[in-house]
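Hi everyone, thanks for coming. I'd like to walk you through one structure today, so let me put it on the screen.

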Amino acid sequence: DRTSDLETEANLTRYESIIKSFIELLVANYRKEHKVDFYSSRLNISDHYLIHIVKRITGQTVTDFIYEMLYSDARTLLMHSKLSIQEITSLLHFSDQSSFGKFFKRKAGLSPIDFRKKKTDYLSVCRADIPVYLSPTILILLIWSVRLCSSSAVNSKSAAHMFSCRWANLVVPGIGTINGF
C-alpha cells in the first residue's frame, strides 16, 4: 500500500532514509558499481555527505559495505558454483582476474583458487544447528535491513530479502554468539 509506505517513510529520520536508500541501491548494484560516487549521485548527495552519514550511523564506511558485499558474493560463487575464476571476475565487474585475486586475497588471506580448494566457507550452511559467522559489516547491513524491513516502506527487493536464512546461533568475530536470531 503506497499510502502506508509514505507514512512509514516520513517516520524515518533523514539519516535513516538515506541509509535505507543506500542499502537498497547497494543490494541492487554492488556487482557492477564499486565506487562511492555512483551511490552518492543516485541519492543526490555528495560523496562526503554519504560517507559521513554511513560512518556516523553504522560505524562502517561506504567502501566497507561495497567490499563486504563483493567478498561475500565472491565466497559464495567460489564455493557453490562451477563458474571459473575468470567468470566470477567478470560477473563481479573487476577489471581483470589479477585485480579480483588481489582483492580476494586481502579479504580472505587466500587466493580464490586456494579458497575454492580448501572449501572452508563458513557461510555456506544455512542450518539452525550450525553456527554462522558474519563479519561486523555484514551484520550491520543485516540489522539495518531487518530494521528497515519491519516497516512496510521496504519493497520485496530490499536488502533484507537477500538474507533468507533464519539462524539459531549467529557468531560474530570479536562479538560472540547471538542466539535465536
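Before we start, please keep in mind that this is a predicted model.

Let's begin with the aromatic rings. How many aromatic pairs does a search of the whole structure find? The count is 10. I'll pick out a couple of them.

Take Tyr15 and Tyr49 to begin with. Their ring centres are 6.4 Å apart and their planes sit at 70°. Planes over 60 degrees apart count as edge-to-face, so that is the label this pair gets. Now look at where the partners sit: Tyr15 is in helix α2, residues 14-29, and Tyr49 is in helix α4, residues 47-58. The pair therefore ties together parts that are 34 residues apart in sequence. As for solvent, Tyr49 is partly exposed, and its relative accessible area is 26%.

Next, Phe22 and Phe65. Here the centres are 6.0 Å apart with the planes at 85°, so this pair is edge-to-face too. Phe22 belongs to helix α2, while Phe65 belongs to helix α5, residues 62-80, so this contact bridges parts that are 43 residues apart in sequence.

Let's move to the backbone. Asn44 is exposed, at 71% relative accessible area.

His93 is another one to look at: its phi is near 55°, again positive in a non-glycine residue. You'll find His93 in the loop between α6 (85-91) and α7 (97-108). With a relative accessible area of 40%, His93 counts as partly exposed.

Last stop, Leu77, back in helix α5. Its relative accessibility is 11%, and under 20% means buried, so Leu77 falls in that class. What does Leu77 touch once its neighbours within four places in sequence are left aside? The contacts are Arg31, Leu83, Ile88, Leu91, Leu92 and Arg116. For a sense of distance, Leu77 and Glu87 are 10 residues apart in sequence, and their C-alpha atoms are 9.9 Å apart in space.

How values were computed. Residues numbered from 1 in each chain as written. Predicted model: local features only at pLDDT ≥ 70, side-chain atom pairs only at ≥ 80, totals over all residues. Heavy atoms only, no water. Phe/Tyr/Trp six-rings, centres within 6.5 Å; stacked < 30°, edge-to-face > 60°. Helix = DSSP H or I, 4+ residues; strand = E, 2+ residues; numbered from the N terminus. Buried < 20%, exposed > 50% of the residue type's maximum accessible area, 1.4 Å probe, protein only. Contact = heavy atoms within 4.5 Å.
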